[in-house]
Amino acid sequence: MQLETQPISPQADSGRLWKRFKRQKMLHVFVGLGMVFLLVFSYTPMFGILMAFKDYSISSGIKGIFTSDWVGLKYFDEFIHDYQFGKIVRNTLVLSFLKVIFAFPAPILLAIMLNEVKNMAFKRFVQTVSYLPHFISWVVVVGVSYAFLSADVGIVNKALMSLGFIHEPLNILTSPNYFWGLAVGSAVWKEMGWWTIIFLAAITGINPALYEAAEIDGAGRLARIRHITLPGMKGTIVVVLVLTIGSILGGGLVGSNFEQAYLFGNSINNPTSEIVQTYAFKVGLKDGRFSYAAAIDLIQSVISVMLIFSSNSIAKRMSGSSLF
């Protein structure tokens with residue numbers, strides 16, 4: 001004997017959906033606010049991309065984005081043939097890759113070391129001190145750097161001279177030779193502790209029984225780190241690495257290249273501090289060439305998107321973990 005099922009009417013189905021919606025109304029409110037935020041601040045400004053392909057003038061207002069004359073790839077070609085193109089691309093790439101090389105492993109190593117600390121009070125103290133710089137703006141960081149590293153009043157120069165290590169002050173804030181080290185060092189100091197929180201969270205998800213079994217089998221501390229801690233962190237490391245490579249031209253894991261180059265940069269260290277973002281900012285606002293600046297930024301954005309997809313694909317093939 002077969003039982004006949006009664007089809008659910010559209011009215012009953014919509015009633016169930018409405019009841020579920022009312023039960024989850026606060027969740028829908030939160031999701032709705034997030035969608036509105038993305039729509040207003042992420043998707044709506046994308047209309048400005050049209051400026052890169054048009055002869056836009058600020059005097060034409062927002063309407064000019066759609067009504068200006070179409071010039072195609074004129075500004076892209078102009079940027080590639082600009083006499084500063086080689087210098088600013090080199091500076092951007094070098095600064096970005098130096099941050100990946102030195103800044104990406106730093107929070108992983110700090111998280112592993114903190115995980116090995118058994119004194120909980122000391123562990124919490126170090127973790128708190130390490131992530132507090134994240135909440136300091138780059139403007140304040142530059143001010144602090146001036147107080148410590150200035151050739152005139154810097155504490156570091158005075159200390160080195162009084163100890164006899166140097167005979168004249170080091171121009172750390174103005175010399176082109178020191179800019180990359182200054183930018184990478186300050187970025188690591190500022191953001192290392194913040195990203196350590198994520199890797200510590202990944203470590204806490206590892207089953208403690210694995211460590212106990214390894215210790216019983218005679219595995220030392222380094223062996224446990226190599227065979228348990230690092231494999232347990234693999235998924236998180238891959239995701240963070242993909243995000244870092246995708247935003248590498250903007251600073252990656254440890255903050256904005258633009259803020260550092262703009263605030264630490266000056267006319268003396270310009271040969272190493274001028275990057276794509278600061279160049280686009282200057283020609284866009286100072287010279288009023290909004291179409292040219294939009295073309296420069298669009299090139300950077302396209303490269304970043306390509307890096308995200310390529311790094312995600314490589315990570316998926318090599319480790320089996322990926323962002324998407």
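Predicted model: local features only at pLDDT ≥ 70, side-chain atom pairs only at ≥ 80, totals over all residues.
A polar contact is a pair of N or O atoms within 3.5 Å; within protein, one atom must be able to donate a hydrogen and the other to accept it.

N91 belongs to helix α5, which spans residues 85-103. Its relative accessibility is 0%, and N91 is therefore classed as buried, the limit for that class being under 20%. The side chain of N91 also makes a polar contact with the side chain of R90, at 2.7 Å. When neighbours within four places in sequence are set aside, the residues in contact with N91 are W180, N270, P271, T272, S273, E274 and I275.

Two packed helices are described by the angle between their axes and the distance between the axes. For helix α8 (residues 138-149) and helix α10 (residues 176-204), the axes come within 12 Å and cross at roughly 120°. The two helices are therefore oblique to each other, and their crossing is right-handed. On the α8 side the contact involves W138, V141 and L149, which meet L182, S186, A187, W189 and K190 of α10. Sorted by class, the residues of this contact are six nonpolar, one polar and one charged.

Terms used: Residues numbered from 1 in each chain as written. Heavy atoms only, no water. Axes fitted to C-alpha atoms, helices over the stretch in contact; angles between N-to-C directions. Helix = DSSP H or I, 4+ residues; strand = E, 2+ residues; numbered from the N terminus. Parallel < 35°, antiparallel > 145°, perpendicular 65-115°, else oblique. Left-handed = near helix turned anticlockwise from the far one by under 90°. Contact = heavy atoms within 4.5 Å. Nonpolar A, V, L, I, M, F, W, Y, C, P; charged D, E, K, R; others polar. Buried < 20%, exposed > 50% of the residue type's maximum accessible area, 1.4 Å probe, protein only.
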